[in-house]
Amino acid sequence: MRAPTEAGFTRPAHDPGVTSRIGLWLGIAFVVCFVTGLISHAIQHPPGWFEWPTRPVNLYRINQGLHVLSGVAAIPLLLAKLWSVYPKLFARPAARSVLHAIERGSVLVLIGAAFFQLATGLLNAFHFYPWRFFFPPTHYAVAWIAIGSLIVHIGVKLPLTRDALRRPLAENPVPPRRHALGRRAFVRVSALAAGAAVLATAGGTVPWLRRVSVLAWTSGTGPQGLPVNRTAAAAGVTIDPGWRLEIVWPGGSRLLTLDELDAMPQRTAELPIACVEGWSASARWTGVPVPALLSLVGAPGGRSVQVESMERGGLYRSSVLPPAHAADELTLLALAVNGSRLDLDHGYPARIIAPSRPGVLQTKWVRRLEVVP
Ligand SMILES: Nc1nc2c(c(=O)[nH]1)N[C@H]1C(S)=C(S)[C@@H](COP(=O)(O)O)O[C@H]1N2
Ligand SMILES: [Mo]
């Protein structure tokens, strides 16, 4: 038996017009995913020059929805694109020159990195970690590998893609084999698959899609109509009758009881929890605005505020409110949600809930606020 050759693959989908069309959409999905991922990373590890706005209150929610949904859309598009081009694996000679070998190698890197990103991102959304590495820095590092090899790939293929996109997608000169989709049908089915994947999952973050999104994930259900990511039991937090909020600033500090916080002017705001994993949920939060709280105790404003949780271990036991968030009147030290006292799982006695902020920074079971010098 002779080894298969590229020319032996005659299905209509193996065509530059098909590859280019699907590739264009896949490229858009990757770029959206990359940019929104960078933004999310920068919010969580802000470089000095970076400032994330506090409005609109749903801005982070939209960013993260785009990140996760562009990733979801990319999965069927990537599979379709690989199907369209896989006969090239059998092209001979495998490399025509050193440059060609490097270019083909970079495609392998791109495929590996793309699969890695889509698979780890998806599994992370389902809290399934069948690996030993820590997800965020690895996902972040491989994103650069993916985008670097993508840029090389686009650079190399641009002339070919441009040509292929300019020409209308002709149906096959010969009628397609039985069971083989025609070119246009293949492109249409790929687009439909991407659209269906998005619709099936978008309800995790787009409220009016909840009922069609059969695969949407949240962190399960939780008390007070809100999902819970890490329960009090998992975090080792119990109700502490001696709880006091400690506020510290350069030159002073103050302890406040829950009764004292309750007696302060309260504000209610509709704000989302937008988990980095892509689910989000809005709720009506009530509590003391952080800037008002700071000024009531005489702490200076306009600075970052470090938030510490009662949780002892745990990666998310503390967070920083950057100056813009610490000064925003919608940044609450929340004491209640949806009209009743916070459930222990949602951070009783007090949690941070701020506009346009990743869920992971909405620290629960707050024990201490420190105005950073
Ligand atoms: N102290 C503490 N706060 C935390 C967490 C945590 O693990 N510990 N998880 C965060 C994450 S990842 C999210 S998405 C939100 C979820 O809030 P909820 O459980 O009230 O829905 O809480 C955040 N606050
Ligand atoms: Mo989260």
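## Ligand shell and nonpolar cores in a predicted model

Leucine 245 touches Arg254, Leu255, Leu256, Leu261, Leu293, Leu333, Val366, Arg367, Arg368 and Leu369, where residues up to four places away in sequence are not counted and contact means heavy atoms within 4.5 Å. This is a predicted model, in which local features need pLDDT of at least 70 and side-chain atom pairs count only at pLDDT 80 or more, while totals for chains, interfaces and linings use all residues. Residues are numbered from 1 along each chain as its sequence is written, and side-chain values use heavy atoms, with hydrogens and water left out.

Leu245, Leu261 and Leu293 touch the most other members of the largest nonpolar core, which has 31 residues. Such a core is a set of buried (under 20% relative accessible area) Ala, Val, Leu, Ile, Met, Phe, Trp, Tyr and Cys residues joined through side-chain atoms within 4.5 Å. Among the elements that give two or more residues to this core are β1 (245–249), α7 (258–263) and α8 (290–297); α8 contributes the most, with four residues. A second, separate core of 22 residues includes Val18, Phe30, Leu169 and Val187.

Ligand 1 is surrounded by 18 residues, each with a heavy atom within 4 Å of the ligand. This shell divides into eight nonpolar, six polar and four charged residues. Polar contacts (pairs of N or O atoms within 3.5 Å) include the following.

| Protein atom | Ligand 1 atom | Distance |
|---|---|---|
| Proline 227, backbone N or O | oxygen | 2.5 Å |
| Asparagine 229, backbone N or O | oxygen | 3.2 Å |
| Glutamate 311, polar side-chain atom | nitrogen | 2.6 Å |

The protein covers 98% of the 540 Å² of accessible area that ligand 1 has on its own, as given by the Shrake-Rupley method with a 1.4 Å probe.

How values were computed. Chains lettered and ligands numbered in written order. Buried < 20%, exposed > 50% of the residue type's maximum accessible area, 1.4 Å probe, protein only. Polar contact = N/O pair within 3.5 Å; in protein donor to acceptor, adjacent residues only side chain to side chain. Nonpolar A, V, L, I, M, F, W, Y, C, P; charged D, E, K, R; others polar.
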